[in-house]
Amino acid sequence: TNLLTLTYDTAAVGDVPVTVSYLDFSGSFYIHVSPKQVESFVLTEPGKLSYIQGEDLDLTGGKLDIQYTAADGSGTPSYHEEVPLTASMISGYDKFGVTFDEQTLCYKPTYQTLTVTYGGQTEKFLVLVKPFVLSAQVFWEGETLQVQISLNEDVNAASCFFIAAAYRNGQMVEANMISADRSGQLSSRFYKIGPDDTVRLFVTDHSYHPLISAVDVYLER
């Protein structure tokens with residue numbers, strides 16, 4: 001058993017007393033503790049860098065190798081510390097942020113630049129956000145409207161509900177719940193819709209929690 005103990009306030013800076021205890025004897029002396037500041041850090045990126053629209057960040061495997069130096073110019077030797085990457089360090093991620101191509105009427109994979117900030121220092125890395133819905137098209141068959149959606153092949157369509165809703169002057173006039181087949185194709189037929197109405201697609205899980213923000217589909221007749 002080690003009978004000698006040294007204790008001091010690890011959060012204190014400046015001249016800090018250290019208490020020495022051995023059996024029934026004790027004494028103290030002072031050490032100088034310099035305030036620390038982050039000089040730099042090396043980022044190890046997380047293992048997951050590709051996401052389907054609507055997914056939260058997974059920072060597993062991400063870490064910072066931080067080099068500290070004395071903030072008071074005392075010349076105290078620098079030291080390293082390794083800390084895991086956390087969500088509070090990250091900015092710039094938009095889980096719904098994919099690009100819509102107005103010419104092809106398709107959603108495109110989009111790279112996002114994420115910024116890691118720690119102790120006033122920053123580093124950046126890229127993630128790819130792939131669209132949940134690749135394309136959403138509508139077309140008329142007689143006096144009814146057909147809605148057809150193509151899903152990303154990485155999406156498990158069986159885990160989702162899709163609701164297509166028609167709006168007129170901001171009010172919903174018709175809504176249909178639809179499910180996808182194995183090819184990722186969905187279709188829904190509207191009967192009350194007019195040529196100036198708007199169709200929106202909503203995607204939820206089985207508890208009706210939204211998985212993606214509403215997608216507008218475009219009417220042409």
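Q: Strands are DSSP runs of E, at least two residues in length, numbered from the N terminus. Where does Gln-53 lie?

A: First, a caution: this is a predicted model. Gln-53 sits in the loop between strand E5 (50-52) and E6.

Q: Is Gln-53 buried or exposed?

A: Use the cut-off: buried means under 20% relative accessible area, and exposed means over 50%. Gln-53 has a relative accessible area of 6%, so Gln-53 is buried.

Q: How many residues along the chain lie between Gln-53 and Val-129, and what separates their C-alpha atoms?

A: The two residues are 76 residues apart along the chain. Their C-alpha atoms are separated by 5.9 Å.

Q: How many helices and strands does the protein have?

A: There are zero helices and 19 strands.

Q: What do the totals say about burial and surface?

A: The protein has 221 residues, and buried ones make up 34% of them. Its accessible surface comes to about 13,200 Å². Carbon and sulfur atoms account for 50% of that surface.

Q: What share of contacts joins residues at least 24 apart?

A: Count contacts between residues at least 6 apart in sequence. Of these, 50% join residues at least 24 apart.

Q: How do I read a sheet, and what is the order of the open sheet of three strands?

A: Strands of a sheet pair through backbone hydrogen bonds, either parallel or antiparallel. Here the open sheet of three strands runs in the order E4-E6-E7, and its pairing is antiparallel. Its edge strands are E4 (36-44) and E7 (79-84), each pairing on one side only. From one strand to the next, the twist averages 25°.

Q: Over how many bridges do E6 and E7 pair?

A: Strand E6 covers residues 63-70, and it pairs with E7 over six bridges in the antiparallel sense. To find the pairing on screen, look for Leu-64, which stands opposite Val-83 in E7.

Q: Now charges. How many salt bridges does the structure hold?

A: Side chains of opposite charge can pair when their charged atoms come close. The test is a side-chain nitrogen of Lys or Arg within 4 Å of a carboxyl oxygen of Asp or Glu. The structure holds three such salt bridges.

Q: Which side chain meets Glu-82 in a salt bridge?

A: Lys-63 does, at 3.5 Å from N to O. This pair links distant parts of the chain: Glu-82 is in strand E7, Lys-63 is in strand E6, and they are 19 residues apart. Glu-82 has a relative accessible area of 53%, so it is exposed. Lys-63 stands at 30%, so it counts as partly exposed.

Q: Which residue forms a salt bridge with Asp-56?

A: The partner is Lys-95, with the closest N and O atoms 2.9 Å apart. Asp-56 lies in the loop between E5 and E6, while Lys-95 lies in the loop between strand E8 (90-91) and strand E9 (99-101), so the pair ties together parts that are 39 residues apart in sequence. Asp-56 is exposed, with a relative accessible area of 55%. Lys-95 is partly exposed, at 27% relative accessibility.

Q: What about Glu-55: which side chain meets it in a salt bridge?

A: Lys-48 does, at 3.7 Å from N to O. Glu-55 counts as partly exposed at 31% relative accessibility. Lys-48 also counts as partly exposed, at 28%.

Q: Next, backbone angles. What is the phi of Leu-23, and where is its place?

A: Phi of Leu-23 is near 50°, a positive value in a residue other than glycine. Leu-23 is in the loop between strand E2 (14-22) and strand E3 (25-33). It has a relative accessible area of 57%, so it is exposed.

Q: What is the phi of Asn-169?

A: It is about 55°, a positive phi although the residue is not a glycine. Asn-169 lies in the loop between strand E15 (161-168) and strand E16 (171-178). Its relative accessibility is 77%, so Asn-169 counts as exposed.

Q: Last, the surface. Which residues make the nonpolar surface patch?

A: Leu-3, Leu-4, Tyr-22, Leu-23 and Phe-25 make it, over about 540 Å². Leu-3 lies in the segment before strand E1 (4-7). A patch residue needs over 30% relative accessible area. Leu-3 has 43%, so it is partly exposed.

Note on methods. Residues numbered from 1 in each chain as written. Predicted model: local features only at pLDDT ≥ 70, side-chain atom pairs only at ≥ 80, totals over all residues. Heavy atoms only, no water. Patch = residues over 30% accessible without salt bridge, like charges linked within 9 Å, V, L, I, M, F, W, Y side chains within 5 Å. Areas by Shrake-Rupley, 256 points an atom, 1.4 Å probe, with all protein chains shown as cover. Helix = DSSP H or I, 4+ residues; strand = E, 2+ residues; numbered from the N terminus. Buried < 20%, exposed > 50% of the residue type's maximum accessible area, 1.4 Å probe, protein only. Contact = heavy atoms within 4.5 Å. Pairing = 2+ DSSP bridges. Axes fitted to C-alpha atoms, helices over the stretch in contact; angles between N-to-C directions.
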